[in-house]
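Subject: Structure for you to look at

Hello,

Here is the structure I promised to pass on. Please open it and keep it beside you while you read.

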Amino acid sequence: MSIENQTMQIIVYAGNAKSMAMTAIKMAKMGEIENAQEKLTESREHLKIAHQHHTKILQEYAKNPEEPTNMFMTHAQDHLMSAMTANDFAVEFVELYGTIEGLKAAVKSLEKK
C-alpha cells in the first residue's frame, strides 16, 4: 500500500476512533455504561489500526530518509494524536459516569430502607 493510501487510512481510522470515543462519553452520561465501554473497545480497535498504518509509514521513512513528507501526513498525524487524546479522556469520563451511576444506585437502595 502506498504512503498516500496509508496516510488516508490513518485519517479514516483515527476519525472513527475519535467519533466512537465521543459517543462513549455521551452513552455514559445517559447511564449506558456497558454500551459506553463497548464503544471504547471499538474506538481502541480503530486506534490500533490507525497506529499500525502510522508505524508502516515511519518504517518506510526510516528506510528512505530522503523521502519528503507532506502536509497530508502532518494532517494524518494530527488526527491520530487527537483521537488518542479523545480516547484517553473518554476512558476517564466513562469511569467517572460509572461511579456516579453506582452512587445513584446506592442512594436509591438506602432510600428504600
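Below is what I found, going from the whole chain down to single residues.

First, a caution: this is a predicted model.

**Overall shape**

The protein chain has three helices and zero strands. Along the sequence, the pattern reads α-α-α. The C-alpha trace spans about 75 × 20 × 15 Å along its principal axes. The radius of gyration is 19 Å, whereas a compact globule of 113 residues would have one near 13 Å. Of those 113 residues, 28% count as buried. The chain exposes about 7,500 Å², and carbon and sulfur atoms supply 57% of that. Take the contacts with a separation of 6 or more: residues 24 or more positions apart account for 79% of them.

**Helix H1**

H1 covers residues 3–29. Its 27 residues reach 39 Å from first C-alpha to last, close to the expected 39 Å. Its buried residues include Ile-10, Ile-11, Ala-14, Met-20 and Ile-25. What covers them? Helix H2 (33–63) and helix H3 (71–112) are among the elements that do. After H1 comes Gly-31, with a positive phi near 90°.

**Helix H3**

H3 has 42 residues, so at 1.5 Å a residue it should span 62 Å. Its end C-alpha atoms are 61 Å apart, which agrees. Asn-70 caps the N-terminal end of H3. One of its side-chain oxygens lies 2.9 Å from the backbone nitrogen of Phe-72. Among the buried residues of H3 are Met-73, Leu-80, Asn-87 and Val-94. Their cover includes H1 and H2.

**Salt bridges**

How many salt bridges does a search of the whole structure find? It finds three. Side chains of opposite charge can pair when their charged atoms come close.

- Lys-39 pairs with Glu-42, with the closest N and O atoms 3.7 Å apart. They are three residues apart in helix H2, so about one helical turn separates them. Glu-42 is partly exposed, at 31% relative accessibility.
- Glu-60 pairs with Lys-63, again with the closest N and O atoms 3.7 Å apart. They too are three residues apart in H2, about one helical turn. Glu-60 is partly exposed at 39%, and Lys-63 is exposed at 66%.
- Lys-104 pairs with Glu-101, with the closest N and O atoms 3.5 Å apart. These sit three residues apart in H3, about one helical turn. Lys-104 is partly exposed at 47%, and so is Glu-101 at 27%.

Best wishes

Terms used. Residues numbered from 1 in each chain as written. Predicted model: local features only at pLDDT ≥ 70, side-chain atom pairs only at ≥ 80, totals over all residues. Heavy atoms only, no water. Helix = DSSP H or I, 4+ residues; strand = E, 2+ residues; numbered from the N terminus. Expected span 1.5 Å × (residues − 1). Buried < 20%, exposed > 50% of the residue type's maximum accessible area, 1.4 Å probe, protein only. Contact = heavy atoms within 4.5 Å. Polar contact = N/O pair within 3.5 Å; in protein donor to acceptor, adjacent residues only side chain to side chain. Rg over C-alpha atoms; globule rule 2.2 N^0.38 Å. Areas by Shrake-Rupley, 256 points an atom, 1.4 Å probe, with all protein chains shown as cover. Salt bridge = Lys/Arg side-chain N within 4 Å of Asp/Glu carboxyl O.
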